[in-house]
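Subject: Handover of a structure, with notes

Hello,

Here is the structure I said I would pass on.

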Amino acid sequence: MTRHTISATPTQPIEGQKPGTSGLRKKAKVFANAPYLENFIQATFDALGGVEGKTLVLGGDGRWFGVEAAQIILKMAAANGAERVIVGQGAWLSTPAASHLIRLRGADGGLILSASHNPGGPEEDFGVKYNMANGGPAPESVTDAIFARTKDITQYFVLDCADADLQTCGEVQMGGMTVEVVDPVHAYADLMETLFDFNVLKGAFKSGFKMRMDSMCAITGPYAREIFENRLGAASGTVVHGDPLPDFGGMHPDPNPTWAHELMAEMMGADAPDFGAASDGDGDRNMVLGAGCYVSPSDSLAVLAANAHLAKGYAQGLKGVARSMPTSAAVDRVAQAKGLTCYETPTGWKFFGNLLDAGHVTLCGEESFGTGSDHVREKDGLWAVLMWLNILVSTGKSVSQLLEDHWKTYGRNYYSRHDFEALPIDQANSLMGDLRAKLAELKGQQIGDLVVADADDFAYLDPVDGSKSQSQGLRILFEGGSRIVLRLSGTGTEGATLRLYLERYVGPEGDLSLDPQLALKPMIDAAEMLAEITKRTGRVAPDVIT
Ligand code: VG1
Ligand code: CO
């Protein structure tokens, strides 16, 4: 018997350990510099009222420092008296797979090691998200308590023991705690089989349906290979960039036209397959494409809502839908036509959890390439890809045909997001502050070609638990139904990122085939007049346009 010592190591509060939109994100080297991670993990455990006797799920997206962080967290969980930690083999778990495992195993919560769509590697980003027993991201009340604890913490506990073998599935003891290493993919792939008719999808691949799935050297590779190539019989090589690498092979695993440019080029090229998709670092986001056709995430959510009943897991129809405030109102039109309630929440998946738990909604989504349903409590990239695949196969339509038919029925919400990254924080704050200060007087004012119908700083009252969230984004609504929204990102790690969201609705009889940037020109001009982005920041163009 080895004797284990639990060391209570003195620590000092570390400034700025405030979880953002989706957990705590910092440069990976900051996390790797002890006791930064230790401090935050102990604060998390303390804020939860301790982890004694509890079961946790642990895994991440394979990025640099993930395995080392997992070992530290295991030793801390053991020293804090946890009963069991279920870890994905190799410390791998996609975010939706972690959410599923928490629910499947009735765990008390889980820790996901990822900075999601941010690049990985020693010079890039790392992150930690805490998920609750329902499988969803911790709500603000919990992240606020964690942050408060990071400010008065004085010690953390680590078990003095050897690393656990995370490469071999099975159980090992770490002090009094059981470390259970599980295959990261199987339970998730099984869940997908309950939602979609794999035999029908298999038939489509057999009859020559062609697909490209770009996993961007991040976590979905092993999941996508198992599901598309092994279980559905898609040609081998359907999944590209399928091996998770610590630095994502230098790719920026954000599935949008800018960063997934290889996939974009293939899908816009002459030999494009029928269907293309990409996912982000931790596997909760998706981009879907057809031959020569890009689907905006807001439209994707609307198309899924309109056609979900075609998939076996949703044949009974939807209970309701939800979208984040900056997401376009395309899904609202589907909800209205189907007599469903459509909820509007602040940005970040944590706000959907209560609605899903209460059975108010089945489907939810964000403009940032995130869609999901009540099968887990996270957005789910591969689920969305399977949902699209199912709809394509069931209708026999191409992606572009499906999209055109959708617009002809519901009209089109032209939509775009302009991101201005790494702005000086003071500059971004004063831009937002000055605009916020003049919101009240905007109503009725002529801004360029547009007239302001209403303006506010979005606040949310959770219909389930009554909690309030203030200052979730400045929205300026124009007469005729177009709008702009401005907010600062809560996931960046360098300076401030300003997001400008632009939307304009054109009815089914209108021109449905405009270039979105041209269709949105009046809103882009109005945004400059109101917020003076170029004038104040000197940026003449956004860093990323989606
Ligand atoms: C961004 C997106 C938001 C998303 C969040 C987490 O947040 O805009 O819609 O929920 O990332 O996504 P922000 O605060 O930077 O705008 V990810 O894939 O962590 O999982
Ligand atoms: Co993500």
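How many helices and strands are there in the chain? The chain has 18 helices and 27 strands, where helices (H or I, at least four residues) and strands (E, at least two) are DSSP runs, numbered from the N terminus.

Before the rest, the conventions. This is a predicted model, in which local features need pLDDT of at least 70 and side-chain atom pairs count only at pLDDT 80 or more, while totals for chains, interfaces and linings use all residues. Residues are numbered from 1 along each chain as its sequence is written, chains are lettered from A and ligands numbered from 1 in the order in which they are written, and side-chain values use heavy atoms, with hydrogens and water left out.

Overall shape

The C-alpha trace of the chain spans about 75 × 60 × 40 Å along its principal axes.

Of the 546 residues, 58% count as buried. Buried means under 20% relative accessible area, exposed over 50%, and partly exposed in between (1.4 Å probe, protein chains only). The accessible surface of the chain comes to about 20,200 Å², and 49% of that belongs to carbon and sulfur atoms; the areas come from the Shrake-Rupley method with a 1.4 Å probe, and for residues only the protein chains shown count as cover.

For contacts (heavy atoms within 4.5 Å), take the pairs of residues at least 6 apart in sequence: 73% of these contacts join residues at least 24 apart.

Salt bridges

A salt bridge here is a side-chain nitrogen of Lys or Arg within 4 Å of a carboxyl oxygen of Asp or Glu. By this rule the count comes to 38.

- K27 and D125 form a salt bridge, with the closest N and O atoms 3.0 Å apart. This pair links distant parts of the chain: K27 is in strand β2 (residues 24-27) and D125 in strand β6 (residues 125-131), 98 residues apart. D125 is buried, with a relative accessible area of 4%, whereas K27 is partly exposed at 22%.
- D152 and R149 form a salt bridge, with the closest N and O atoms 3.0 Å apart. The two are separated by about one helical turn, because they are 3 residues apart in helix α5 (residues 140-152). D152 is partly exposed at 47% relative accessibility, and R149 is partly exposed at 27%.
- D457 and R436 form a salt bridge, with the closest N and O atoms 2.8 Å apart. This pair also links distant parts of the chain: D457 is in strand β21 (residues 450-457) and R436 in helix α15 (residues 425-438), 21 residues apart. R436 counts as partly exposed, at 36% relative accessibility.

Salt bridges that share partners also join R323, D332, E344, D456 and R475 into one network.

Cysteines

The disulfide count is 0, a disulfide being a pair of cysteine sulfur atoms within 2.5 Å. C169 is partly exposed, at 41% relative accessibility, while C293 is buried, at 7%.

Two loop residues

Q17 lies in the loop between β1 (5-10) and β2. At 0% relative accessibility, Q17 counts as buried. Its side chain makes a polar contact with the side chain of N39 (2.7 Å); a polar contact is a pair of N or O atoms within 3.5 Å, where within protein one must be able to donate a hydrogen and the other to accept it, and residues adjacent in sequence count only if both atoms are side-chain atoms. A polar atom of the Q17 side chain also lies 2.9 Å from the backbone oxygen of Y36. Leaving aside neighbours within four places in sequence, Q17 is in contact with L24, Y36, N39, F40, F147 and T150.

S489 lies in the loop between β25 (483-488) and β26 (496-506). S489 counts as buried, at 18% relative accessibility. A polar atom of its side chain lies 3.0 Å from the backbone nitrogen of T491. Leaving aside neighbours within four places in sequence, S489 is in contact with T497 and R499.

Regards
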